[in-house]
Amino acid sequence: MRVSSYEVNVTADHPQYVLAIDLGTSGPKVALATTRAEIVAWERESTPLSLLPGGGAEQNPEDWWAAIKRATARLLNRAAVPVEDIIALCCTSQWSGTVAVDAGGRPLRPAIIWMDSRGAPYVKQLTDGLPRVQGYGLGKLMTWIRLTGGVPGHSGKDSIAHILYLKHEQPLVYRQADKFLEPKDYLNLRLTGRTVASYDSITLHWLTDNRHVRRVVYSDRLLRWAGIERHKLPDLRPATDVLGPIQPEVAAELGLAPNVQVIMGAPDVHSAAIGSGALRDYEAHLYLGTSSWLSCHVPRKQTDLLHNMASFPSAIPGRYLLVNEQECAGVCLSYLIDHVLYPADELATHPQPPDVYDRLNRLAASVGPGSGRLIFAPWLNGERTPVEDHLVRGGFFNQSLQTTRAHLVRAVLEGVAYNSRWLLQCVEGFVGRRLDTLNVVGGGANSDLWCQIHADVLGRTIRQVQDPILANVRGAAILASVALGYGHFEETAGRVAIAHTYQPQPDHHQLYSELFREFLNLYKRNRPIYARLNIPDKVTS
């Protein structure tokens, strides 16, 4: 499932190009695309992640920038594209992260990313009140839903929770901060010197009025409730706006011409929706990366508080996107590799093979559907949707002496698919219709086996987008092309190719339906146990 690069020949007489940057949790991908959103070549780099006691998850913005520079240098050196033909740069990135920068634009501390839950107590204080509904004060709940479409999650993983954590526990950083920026907007600051956010990237601050989707503004009431000063937040623009030319010194640093135009861009959820090719209302895509989501565009602002999902401003002006996220997908497989199959302290004698994902796919395919009735729960970092529960944890259930490595690997693939089916039920309830076909993107979609497992578990047609790992950079390239006037969204996204289509196999679907019912039972029966085991003040490491 892990691919390092991809390249095709460009035959146009004199094409112009977009440099697209996708800053994921594991590191950035940097791609060159034509203004028809055809990927010419791409590179990737990795960045470290720090997991800290108490639910902390951080990355160093300087690591992001250094990795982007390395990947860009390799890409430009091998792509044989004249630098003067690169006319635009567009970023997409992991969402729900916070970079606190000083007045000079320098990070004051490591970035707090989407996995971090340390702000949970402060969100609960902020949203409390009487009478309570689902743990929220009713008056506040209704106001948030009316203005934003949603409400700050009690898991503490939204951007507003990060800022409140800094305000209460690192007050010096909070006072010194000139702006709090999402990762994508921090990259744009490095590129242009401008502190601006897009209508879509600002959503998880829960401080904006989203009722007029073409003109999102901050809400004075929500700012007052949160106790966050407006001047510490960036100005707002649509995702298709042209921010202006790249700063000359940054252009030199990246090896680009100084007239390259920087496009506002969008978070990964939004760029994946565009790069998946599923753009019309109710055309759905499933993303299988480090985390996972199942989303589609919808015609109006709408909220499902019970299942923690809502429709928010899309990267496409005037449109709403159904947003949800399952915390752990591909990271479950990475965890199995890095901590069980090839642990770091044994790499000298038991090195990880370069084709480890291909090997695991073959291993998983060697056992039948259902993994000998072994069930894996993928909640390694709590869960956001279809339940918001930061105390739930994952693991293998029904393991026996007959369980092999092959069973373990396949059970991980199936467990993520069970979670996707759980979410699919809620998404279909949200949109009020059956979603017969899902376009699948993300690194996990490189696995033919995983695509077929999803078709069998979900009972739906799965369409594997060609080069699925490039959905985000493709989406960013489409955003840039539209922003510069090279066509329209539906026209450009219509060129996204489908590599393979997978149909559900009835006998497999029947077995998986039985196991899915037990998957749900495992959550319902064990939820009180997880809550007792994982009370924050009792967890020491």
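**A strand and its neighbours**

Modeller: Let's start at Cys90, whose bridge partner in strand E18 is Ile263. Strands (E, at least two residues) are DSSP runs numbered from the N terminus, as are helices (H or I, at least four residues). This is a predicted model, in which local features need pLDDT of at least 70 and side-chain atom pairs count only at pLDDT 80 or more, while totals for chains, interfaces and linings use all residues. Residues are numbered from 1 along each chain as its sequence is written, and side-chain values use heavy atoms, leaving out hydrogens and water.

E18 covers residues 261–267, runs parallel to E7 and is joined to E7 by five bridges. Strand E2 (residues 17–23) also pairs with E7 in the parallel sense, over seven bridges; two strands pair if DSSP finds at least two bridges between them. Within this second pairing, Ile21 stands opposite Cys91 in E7. In a regular strand, side chains alternate between the two faces of the sheet. As for cover, E7 spans residues 86–93, and eight of its eight residues are buried. Buried means under 20% relative accessible area, exposed is over 50%, and partly exposed lies in between (1.4 Å probe, protein chains only).

How far can you trust the picture? The protein chain averages a pLDDT of 94, with 96% of residues scoring at least 70; pLDDT is the predictor's confidence in each residue, from 0 to 100. Over residues 1–12, though, the pLDDT is below 50, and this stretch has 41 contacts in the model beyond near neighbours in sequence, a contact being heavy atoms within 4.5 Å. Where pLDDT is low, the predicted coordinates should not be read in detail.

Last, a glance at the rings elsewhere. The whole structure holds 14 aromatic pairs. Rings of Phe, Tyr and Trp (its six-membered ring) pair if their centres lie within 6.5 Å; planes under 30 degrees apart are stacked, over 60 edge-to-face, and the rest tilted. One of these pairs, Trp206 with Phe312, is edge-to-face, at 5.3 Å centre to centre with 75° between the planes. Its partners are 106 residues apart: Trp206 lies in the loop between strand E13 (196–198) and strand E14 (208–209), and Phe312 in strand E22 (residues 309–313). Trp206 counts as buried because its relative accessibility is 4%, and Phe312 is buried at 4% too.
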